[in-house]
Amino acid sequence: MTPIHAPDFPHDLKWLNAAPTAIQSLRGSAVALAFIDPASTWCMQRLANLATLQRRFGARLQVRVIAVPRFDAHRRPEVVLKRLRRHGVSLPVAHDPDWHAWQRFGIEAWPTVVVIDAAGMMVQRIAGTPGTGVLERALAAVCEDLDEPLQDTRPRETHPEPRLPLLFPTGLAVTGDRLYVADTGHHQILECTHAGRVLRRFGNGTADALDGGAEIASFCRPSGMSLLREALYVADTGNHLLRRIDLRSGTVHTVLGNGRAGTPAEGRLSNVHDVCLPSPTALVAGNNQLHIALAGDNRVWTWNQTDGVGVMECRAGSGQLGQRDGAGILASFSQPTGLALVQQALYVCDTLGSAIRGIQLRGDLTQTLVGQGPWEFGDADGQRHQARLQAPEAIALDPDAPLLWIADTGNGCIRSLRLGGGVVNKVPLERALAGPAGVAAFGGKLWIAETDAHAVLCLDVASGVLSQVPIEE
């Protein structure tokens with residue numbers, strides 16, 4: 001692009017976790033201005049790239065994030081900040097609910113990074129998610145001739161999250177006497193009693209990817225989990241890996257992935273560490289198979305563990321963002337984040353499509369059960385073609401009834417979808433929930449991760465009584 005002066009920010013732009021910034025105040029430093037959708041995994045990956053590059057370039061580079069919401073729920077600034085913090089974002093964030101900054105800077109797509117040089121000139125716009133190298137070269141070009149400032153003027157994050165036993169819990173798994181919690185913000189998996197007493201912690205609490213014993217191993221923002229006999233499989237989202245916890249020994253092993261957010265490839269693996277798994281968020285284990293929802297790939301995959309390394313198979317999705325039904329790669333998804341399996345039917349929670357999809361594993365045919373498209377969302381019960389969700393993030397099958405429980409995250413509620421009949425109903429609760437992003441059902445109870453409130457809840461389905469599970473040592 002032809003370099004032009006960067007305009008200043010709109011006067012009504014609200015800064016969520018840092019002091020207000022004016023473009024003129026950033027002169028003398030290179031600036032990366034990232035326009036993001038708070039609900040988008042692709043946008044979160046771009047912010048992770050920027051955080052890495054800021055560590056490389058130091059105070060020569062100033063990064064600012066402009067959150068421009070796709071969903072009505074993200075017009076609330078506190079919801080946006082929670083969402084970004086759940087993904088480990090500590091960069092200065094401004095909220096642009098009416099798209100004023102988006103229009104002023106001429107943005108056309110999420111994510112877009114506007115590169116501004118030390119003289120305040122916009123020299124490049126990087127839209128979408130091309131390889132990290134494109135972004136790195138663009139920022140190197142505007143940073144390389146700058147001296148490291150004597151004083152680091154990058155702002156510090158204000159009003160951090162409170163110190164609580166849980167930090168943005170998401171994935172849940174339940175047995176007759178155990179509750180497993182993905183304590184996402186603390187980078188740990190907790191094994192608890194149903195009453196909330198912590199029996200074991202898997203992971204040392206640092207964001208890393210070490211294998212080993214429970215206190216040595218490490219995760220990075222783990223989310224979805226699946227139990228299979230004496231093993232707990234974990235979608236280690238921030239590490240782009242699948243991990244396995246041996247519940248007898250407590251040992252953690254990496255079972256699949258190379259730790260990079262690249263593009264997976266189909267076929268027999270020569271090594272389980274050769275495959276890219278961009279942001280795995282959910283998985284279901286069974287019959288020597290792992291079904292995997294890759295939010296960063298917009299596809300659903302199956303790893304057939306028929307021999308030592310197994311075969312990777314794309315079950316559904318073209319990789320393009322959309323909501324199209326069809327067989328195999330003719331279908332399209334909008335950020336699949338939740339999975340549930342019953343017999344030969346795989347159910348998918350499709351977040352950006354505000355949809356619930358079904359895949360018939362015999363034939364790999366995808367059909368939309370609830371949802372009308374990536375830009376159609378709302379808050380409505382009824383027959384499945386009438387019902388509306390808003391950015392749901394998790395689903396769970398009820399083991400005792402033909403029901404699919406839905407964490408309708410954007411609407412702050414739990415819904416049920418009756419399989420076969422297709423009726424969607426909101427579960428009556430005494431209050432709205434703060435960003436529920438995990439559900440599990442067992443023994444007439446529904447366990448809910450109230451993610452933005454850093455809590456786990458238990459609903460007695462028969463009585464409707466909702467209580468908080470006091471997670472403690």
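Reply:
**Charges, rings and strands**

Arg243 lies over the face of Phe219, with 4.9 Å to the ring centre. A second case is Arg70, whose charged end sits over the ring of Trp375 at 4.5 Å from the centre. (A charge sits over a ring if NZ of Lys or CZ of Arg is within 6 Å of the ring centre and within 35 degrees of the ring normal.)

Before we go on, a word on the ground rules. This is a predicted model, in which local features need pLDDT of at least 70 and side-chain atom pairs count only at pLDDT 80 or more, while totals for chains, interfaces and linings use all residues. Residues are numbered from 1 along each chain as its sequence is written, and side-chain values use heavy atoms, with hydrogens and water left out.

Next come the rings that face other rings. The model has eight aromatic pairs. (Rings of Phe, Tyr and Trp, the last by its six-membered ring, pair if their centres lie within 6.5 Å; planes under 30 degrees apart are stacked, over 60 edge-to-face, and the rest tilted.) One of them joins Phe9 and Trp15: the centres are 5.6 Å apart and the planes stand at 70°, so this pair is edge-to-face. Phe9 counts as buried because its relative accessible area is 8%, and Trp15, at 11% relative accessibility, is buried as well. (Buried means under 20% relative accessible area, exposed over 50%, partly exposed in between, with a 1.4 Å probe and protein chains only.)

Phe35 and Phe105 make another pair, with centres 5.7 Å apart and planes at 50°, so it is tilted. This pair links distant parts of the chain: Phe35 belongs to strand β3 (residues 30-36) and Phe105 to the loop between α3 (100-104) and β6 (112-116), 70 residues away. (Helices, H or I with at least four residues, and strands, E with at least two, are DSSP runs numbered from the N terminus.) Both Phe35 and Phe105 are buried.

What about opposite charges? Side chains of opposite charge can pair when their charged atoms come close. The count here is 26 salt bridges. (A salt bridge is a side-chain nitrogen of Lys or Arg within 4 Å of a carboxyl oxygen of Asp or Glu.) Among them, Arg76 pairs with Glu78, the closest N and O atoms being 3.1 Å apart. Both partners are partly exposed, Arg76 at 47% relative accessibility and Glu78 at 43%.

Glu161 and Lys82 form a salt bridge at 2.8 Å, N to O. Here 79 residues separate the partners: Glu161 is in the loop between α4 (132-143) and β8 (169-174), and Lys82 is in helix α2 (residues 77-86). Glu161 counts as buried because its relative accessibility is 17%.

Arg415 and Asp379 meet at 2.5 Å, again N to O. Arg415 lies in strand β29 (residues 413-418) and Asp379 in the loop between β25 (365-370) and β26 (382-383), so the bridge ties together parts that are 36 residues apart in sequence. Arg415 is buried, at 1% relative accessibility, whereas Asp379 is partly exposed, at 42%. Shared partners join Asp379, Asp381, Asp408, Arg415 and Lys426 into one network of salt bridges.

(A disulfide is a pair of cysteine sulfur atoms within 2.5 Å.) Cys349 is in none, and the nearest cysteine sulfur, that of Cys413, is 12 Å away. Cys413 is likewise in no disulfide, its nearest cysteine sulfur being that of Cys349. Cys349 is buried at 0% relative accessibility, and Cys413 is buried at 5%.

Finally, the sheet. Four strands form an open, antiparallel sheet in the order β12-β13-β14-β15. (Two strands pair if DSSP finds at least two bridges between them.) At the edges stand β12 (222-228) and β15 (252-256), each with a single partner strand, so one side of each has no neighbour in the sheet. From one strand to the next the twist averages 30°. (Axes are lines fitted to C-alpha atoms, for helices over the stretch in contact, and angles run from 0 to 180 degrees between N-to-C directions.) Strands β13 (residues 231-236) and β14 (residues 241-246) pair antiparallel over six bridges, and the bridge partner of Ala231 in β14 is Asp246.
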